[in-house]
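The following exercises are to be worked through with the sequence and the coordinates at hand. Each task is followed by a solution in steps.

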Amino acid sequence: MCNGNRGEDLAFQSFSLLFIYKRDRFPQFPCLFLSVYFCVCVLSRSLDARGNPEVELLNLLSRMAHSGVHKDRGELRIHENLDELGTDLAEYIAELSEASVKERGVFAIAISGGSLIGLMGKLCEAPYNKTVDWAKWYVFWADERVVAKTHADSNYKLAKDGLLSKVPVVPSHVNSINDSVSAEEAADDYEFHVRQLVKTRTINVSDTSDCPKFDLILLGMGSDGHVASLFPNHPVLDEKDEWVTFITDSPKSPPERITFTLPVINSASNVVVVVTGESKAEAVHLAIDDVGADCLSLPARLVQPTKGKLAWFLDKLAASKLDEELEKCDYPLCMKNKVGASVQKLFLVLVSFRMDCDGGIVVHRKASPSGC
Ligand SMILES: O=C(O)[C@H](O)[C@@H](O)[C@H](O)[C@H](O)COP(=O)(O)O
């Protein structure tokens with residue numbers, strides 16, 4: 001690792017892989033990783049040996065430069081632009097799919113409408129079009145507009161044209177709503193369908209309630225803070241018993257929609273909210289930051305998985321009004337833990353010192369966003 005011997009190189013590579021792998025599942029892992037790495041360097045007394053491992057590590061840190069954990073609002077992944085966001089999102093979904101297929105044999109994913117589908121586009125490209133086990137995907141809608149499937153407003157049509165027709169998902173695994181009935185009937189029908197698939201465990205079940213536990217629910221967010229078709233101040237926000245409900249007065253056209261309720265969203269193993277653009281910056285701030293009691297009922301703020309993981313994929317414009325909660329960390333990793341931050345700082349000082357001594361190694365680093 002530090003002195004270029006093969007065993008240490010291998011150790012470094014293993015740490016690096018573990019670092020990438022574990023950071024999402026075990027937030028304290030970066031601290032542990034850096035501590036171990038630093039200790040091995042010190043013990044082997046070879047901090048002056050060579051540059052490449054540090055460049056690799058800096059690249060790793062750079063990849064994480066926009067990542068952080070808000071103390072109770074989940075993981076924040078803030079990106080310079082939509083292209084980077086799309087790449088990270090595709091990788092994230094592919095990893096969840098792989099883990100779920102390994103664990104349960106299937107991947108039950110619920111998607112929404114809006115710009116989200118376009119941002120998932122990289123899943124249709126190499127390597128994901130080949131590496132993802134598409135045959136194991138079961139696709140659902142967290143919300144759907146009650147219009148014909150061929151209508152331009154249909155979330156099914158959006159996903160089919162933009163994603164599902166481009167990858168080998170099994171057509172019978174695509175669970176769209178009945179578009180030939182009323183909104184109320186469509187919601188009942190969809191809930192019944194979901195219940196059947198929970199019975200067969202195609203969709204997992206929550207261990208704390210009888211709610212379905214989707215492997216992943218992907219949501220967008222409107223500038224008013226709505227998610228799925230759960231709009232601010234709407235009575236369906238209080239729905240506790242139904243899994244799928246309907247509205248006929250959506251402030252966003254079209255008015256008739258069906259939607260997963262909050263208990264279903266919050267029972268998922270993973271919830272990802274993807275938000276881009278400056279027009280949503282205020283809503284992002286209200287949904288994530290420690291704001292007053294007035295905003296506690298903002299739909300996006302009510303997304304709080306009981307046991308699952310919540311992650312926000314933001315571009316820097318959407319993140320531009322976030323408070324300084326994460327940025328308070330001056331280091332590439334947003335460590336809440338003071339010891340972790342000190343170890344990390346010391347490590348980075350040593351790395352910078354080494355890089356200066358090496359005569360300036362050029363490392364591509366993303367600019368830091370305001371949020372981190
Ligand atoms: O059918 C819908 O209208 C959606 O499911 C809705 O919840 C959407 O995800 C947000 O409104 C964000 O949409 P944009 O990303 O297009 O702004």
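Helices (H or I, at least four residues) and strands (E, at least two) are DSSP runs, numbered from the N terminus. By this rule the chain has 11 helices and 12 strands. The model is predicted, with local features requiring pLDDT of at least 70 and side-chain atom pairs pLDDT 80 or more, while totals for chains, interfaces and linings use all residues. Residues are numbered from 1 along each chain as its sequence is written, and side-chain values use heavy atoms, with hydrogens and water left out.

**Exercise 1. The chain as a whole**

Task: Determine what share of the residues of the chain counts as buried, and describe the accessible surface of the chain.

Solution. Step 1: a residue is buried under 20% relative accessible area, exposed over 50%, and partly exposed in between (1.4 Å probe, protein chains only). With this cut-off, 54% of the 372 residues are buried.

Step 1: accessible areas follow the Shrake-Rupley method with a 1.4 Å probe; for residues, only the protein chains shown count as cover. The chain exposes about 16400 Å², and carbon and sulfur atoms account for 55% of this surface.

Step 2: contact means heavy atoms within 4.5 Å. Of the contacts between residues at least 6 apart in sequence, 73% join residues at least 24 apart.

**Exercise 2. The surroundings of strand S12**

Task: Identify the strands that pair with S12, and explain why S12 is largely enclosed.

Solution. Step 1: two strands pair if DSSP finds at least two bridges between them. Strand S2 (residues 74-79) pairs with S12 in the parallel sense over five bridges, and Leu 76 stands opposite Trp 312.

Step 1: strand S11 (residues 270-275) also runs parallel to S12, joined to S12 by six bridges. Here Val 271 has Leu 310 as its bridge partner.

Step 2: S11, helix H10 (residues 281-288) and S12 form a right-handed β-α-β unit; right-handed means that, with the strands pointing away from the viewer, the path from the first strand over the helix to the second runs clockwise. Seven of the eight residues of H10 are buried, among them His 285 and Ile 288.

Step 3: six of the seven residues of S12 (residues 309-315) are buried, so S12 is largely enclosed by the rest of the structure.

**Exercise 3. The ligand**

Task: State how many residues surround the ligand, and list polar side-chain contacts to its oxygen atoms.

Solution. The ligand is surrounded by 14 residues, the closest being Ser 115, Arg 145, His 226, Ala 228 and Lys 280.

Step 1: a polar contact is a pair of N or O atoms within 3.5 Å; within protein, one must be able to donate a hydrogen and the other to accept it, and residues adjacent in sequence count only if both atoms are side-chain atoms.

- Asp 143, 2.7 Å
- Arg 257, 3.1 Å
- Lys 280, 2.5 Å

Step 2: the protein covers 90% of the 420 Å² of accessible area that the ligand has on its own.

**Exercise 4. A residue in a loop**

Task: Decide whether Trp 243 is buried or exposed.

Solution. Step 1: Trp 243 belongs to the loop between strand S8 (216-220) and strand S9 (244-247).

Step 1: the relative accessible area of Trp 243 is 4%, so the residue is buried.

Step 2: neighbours within four places in sequence aside, the contacts of Trp 243 include Glu 191, Cys 211 and Phe 260. The C-alpha atoms of Trp 243 and Phe 260 are 5.8 Å apart, at a separation of 17 residues in sequence.

Terms used. Near = heavy atom within 4 Å.
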